[in-house]
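Have a look at the model first, and then read on.

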Amino acid sequence: MSTNTNRGAITTSTQGSTLADILERVLDKGIVIAGDISISVGSTELLNIRIRLLISSVDKAKEIGINWWESDPYLNSQTHTLLATNQQLQERLASLETELQSLKALNPNNHQNAGDY
């Protein structure tokens, strides 16, 4: 006569799963954590904090339309080049504006009559 020693055992979906398996499943499907924190004194709300967290793989994020990191200049490999170019353009613009102001100051009549045509 044989007896089954696992008769009362309950199997779960995570039984035998490693941390890597669970992480792969979370990144594949994604997980959203949301919460609100509210601090009130009496009936007056002093502070309200909304927390939203999405954990997913890059592929899953792109699939649902989230790709802000692709256009963020601080996460781009060309950040330093873009910042240097921006600084040069700002300096050129300031120089041109100074030159334009000095030209207007030399010949104020041309500036006033330019709109008379």
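Arginine 52 is partly exposed at 46% relative accessibility (partly exposed lies between buried, under 20% relative accessible area, and exposed, over 50%, using a 1.4 Å probe and protein chains only). This is a predicted model, in which local features need pLDDT of at least 70 and side-chain atom pairs pLDDT 80 or more, while totals for chains, interfaces and linings use all residues. Residues are numbered from 1 along each chain as its sequence is written, and side-chain values use heavy atoms, leaving out hydrogens and water.

**Salt bridges**
- The whole structure holds four salt bridges (a side-chain nitrogen of Lys or Arg within 4 Å of a carboxyl oxygen of Asp or Glu).
- Arginine 52 pairs with aspartate 36, with 3.3 Å between the closest N and O atoms; this joins strand β2 to strand β1 across 16 residues (strands are DSSP runs of E, at least two residues, and helices are runs of H or I, at least four, numbered from the N terminus).
- Aspartate 36 is exposed at 52%, and a salt-bridge network links Asp36, Arg50 and Arg52.
- In helix α2 (residues 58–63), lysine 60 and glutamate 63 sit three residues apart, about one turn, and their closest N and O atoms are 3.4 Å apart in a salt bridge.
- Lysine 62 bridges to glutamate 70 at 3.1 Å.

**Nonpolar patch**
- Ile37, Ile39, Val41, Leu46, Leu47, Ile49 and Ile51 form a nonpolar surface patch of about 600 Å² (Val, Leu, Ile, Met, Phe, Trp or Tyr side chains joined within 5 Å, each residue with over 30% relative accessible area and no salt bridge; areas are from the Shrake-Rupley method with a 1.4 Å probe, with only the protein chains shown as cover).
- β1 (31–41) and β2 (44–55) each give two or more residues to the patch, and β2 gives the most, four.

Definitions and conventions. Patch = residues over 30% accessible without salt bridge, like charges linked within 9 Å, V, L, I, M, F, W, Y side chains within 5 Å.
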